[in-house]
Amino acid sequence: MNSLSAINLFGYEQLAKEHLSQMAFDYYSSGAWDEVTLRDNLAAFTRVKLRPKMLVDVSNINLTTQVLGESLQLPLLIAPMAFQCLADPEGEIATALAAADAGVGMVLSTLATKSLEEVATVANGLQWFQLYIHKDQGLTQALVQRAYTAGYKAICLTVDAPMLGKRERDQRNEFTLPPGLHPANLTNISGLDIPQAPGESGLLTYFAQQINPAVTWKDLEWLQSLSPLPLVVKGILRADDAVRAVEYGAQAIVVSNHGGRQLDGAIASLDALPDIIAAVDGKAEVLLDGGIRRGTDILKALAYGAKAVLIGRPVLWGLAVAGKIGVSHIISLLQDELNLAMALSGCASLGDIDSSLVSQLPKNF
């Protein structure tokens with residue numbers, strides 16, 4: 001089957017199963033425990049209904065925006081995802097090239113299988129560096145300084161993973177990286193690899209050994225002292241935490257539950273968004289991550305006040321099926337769908353999108 005025969009993101013997921021090992025597919029697709037939050041991230045968008053405006057001139061649709069002062073061709077960034085070379089030999093490089101070609105942003109994972117310098121060298125698009133704070137403070141400092149030197153535009157701190165969520169599919173598969181693949185940003189440091197862990201996920205073991213579970217809000221001050229890069233805090237689901245993030249210097253917040261991979265039973269990202277938008281009150285840009293599969297999903301998130309959205313798993317499906325071409329097609333599908341959804345909703349530009357377009361979420365849903 002022609003890889004570009006998929007006409008939507010769900011089709012790519014089905015095709016990806018034919019291109020990935022069971023271990024790799026389960027690693028990419030799984031959520032924590034019973035995967036309730038994983039499913040609810042998608043279901044949340046179906047609960048929100050659109051109220052389109054009629055007789056508006058939509059002959060020209062403008063999808064362009066800015067995030068932290070950087071221009072994007074559409075309000076989309078690629079979420080940080082580890083180990084992309086499991087999907088394609090070019091991994092994060094292919095993803096970064098596709099993102100740059102499309103004029104969307106990319107957030108590179110600490111646990112990438114291509115180094116941050118390699119990725120920055122080959123692609124000149126908007127790039128942020130996602131950071132896990134390791135127990136080794138010197139390692140964390142070095143990662144931030146490397147990202148700054150390489151030209152990344154922000155540090156995106158993941159705050160919802162002091163320990164790794166229990167992903168039972170990974171446990172059954174005893175997940176580890178195949179021979180020849182390593183966390184490329186950490187290869188010069190002895191012992192920092194994903195271990196073989198009989199009866200357990202090697203990534204869970206890595207987190208227990210290396211990631212610092214004692215990080216608090218006060219550590220954000222230290223983190224910001226390491227470089228002049230703006231701080232993005234990813235993994236916020238509560239209004240009070242959003243306010244605190246702004247107080248501690250965050251210039252952007254990503255409303256996210258880690259794709260349902262951390263605390264199962266956590267609120268869907270979209271359901272958490274309205275309260276956070278209200279609490280932040282314009283003091284920082286708010287983005288949403290989790291469950292985006294259609295252009296209408298992007299429209300709904302923007303209507304609730306998100307500045308842009310991040311997509312994760314669909315990029316991996318495109319990468320697995322057709323490398324850079326597959327990722328480019330994923331982005332193109334979303335762009336076309338958002339363009340049509342805006343036209344049918346009476347919105348010629350992103351500035352026309354407001355909360356009147358969406359039905360309000362039930363109280364305490």
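W33 sits in the loop between α2 (22-29) and α3, where helices (H or I, at least four residues) and strands (E, at least two) are DSSP runs numbered from the N terminus. Phi of W33 is near 45°, a positive value in a residue other than glycine. Most residues other than glycine have a negative phi. W33 is partly exposed, with a relative accessible area of 46%; buried means under 20% relative accessible area, exposed over 50%, and partly exposed in between (1.4 Å probe, protein chains only). E174 is another non-glycine residue with a positive phi, here about 50°. E174 belongs to the loop between α7 (168-173) and α8 (202-210), and at 36% relative accessibility it counts as partly exposed.

A word on the source: this is a predicted model, in which local features need pLDDT of at least 70 and side-chain atom pairs count only at pLDDT 80 or more, while totals for chains, interfaces and linings use all residues. Residues are numbered from 1 along each chain as its sequence is written, and side-chain values use heavy atoms, with hydrogens and water left out.

Now for the barrel. A closed barrel of 8 strands runs β3-β4-β5-β6-β7-β8-β9-β10, with parallel pairing; two strands pair if DSSP finds at least two bridges between them. On average, neighbouring strands of this sheet are turned by 25° against each other, direction ignored. Axes here are lines fitted to C-alpha atoms, for helices over the stretch in contact, and angles run from 0 to 180 degrees between N-to-C directions.

Strand β3 (residues 76-78) is joined to β4 by 2 bridges, and the two run parallel. I78 stands opposite M106 in β4. In a regular strand the side chains alternate between the two faces of the sheet. Both faces of β4 are covered, with G105 and V107 buried on one side and M106 and L108 buried on the other. Past this strand, S115 lies in the loop between β4 (105-108) and α5 (116-122). S115 is buried, with a relative accessible area of 11%. Not counting residues up to four places away in sequence, S115 touches L108, R146, A184 and N185, contact meaning heavy atoms within 4.5 Å. The C-alpha atoms of S115 and V36 are separated by 33 Å, the two residues being 79 apart along the chain.

Strand β7 (residues 231-236) runs parallel to β8, and 4 bridges join them. K234 is found in β7, and its bridge partner in β8 is V254. Despite the lysine side chain, K234 is buried, with a relative accessible area of 5%. Leaving aside neighbours within four places in sequence, K234 is in contact with P80, C156, L157, T158, V159, D160, V254, S256 and D289. In strand β8 (residues 252-255), A252 and V254 point one way and I253 and V255 the other, and all are buried.

Strand β9 (residues 285-289) and strand β10 (residues 308-311) pair in the parallel sense over 3 bridges. L287 stands opposite A308 in β10.

Helix α12 comes between these two strands. Of the 9 residues of α12, 8 are buried, so this helix is largely enclosed by the rest of the structure. The buried residues are G295, D297, I298, L299, K300, A301, L302 and A303. They pack against α3 (36-47), α11 (269-280), β9, β10 and α13. Just after α12, G305 takes a positive phi of about 120°.

Two packed helices are described by the angle between their axes and the distance between the axes. Helix α12 (residues 295-303) and helix α13 (residues 313-345) pack at an angle of about 60°, with their axes 7 Å apart. That makes α12 oblique to α13; angles under 35 degrees count as roughly parallel, over 145 as roughly antiparallel, 65 to 115 as roughly perpendicular and the rest as oblique. The contact is made by G295, T296, I298 and L299 of α12 and by L334, E337, L338, A341, M342 and S345 of α13. These residues divide into 6 nonpolar, 3 polar and 1 charged, with Ala, Val, Leu, Ile, Met, Phe, Trp, Tyr, Cys and Pro counted as nonpolar, Asp, Glu, Lys and Arg as charged, and the others, Gly among them, as polar.
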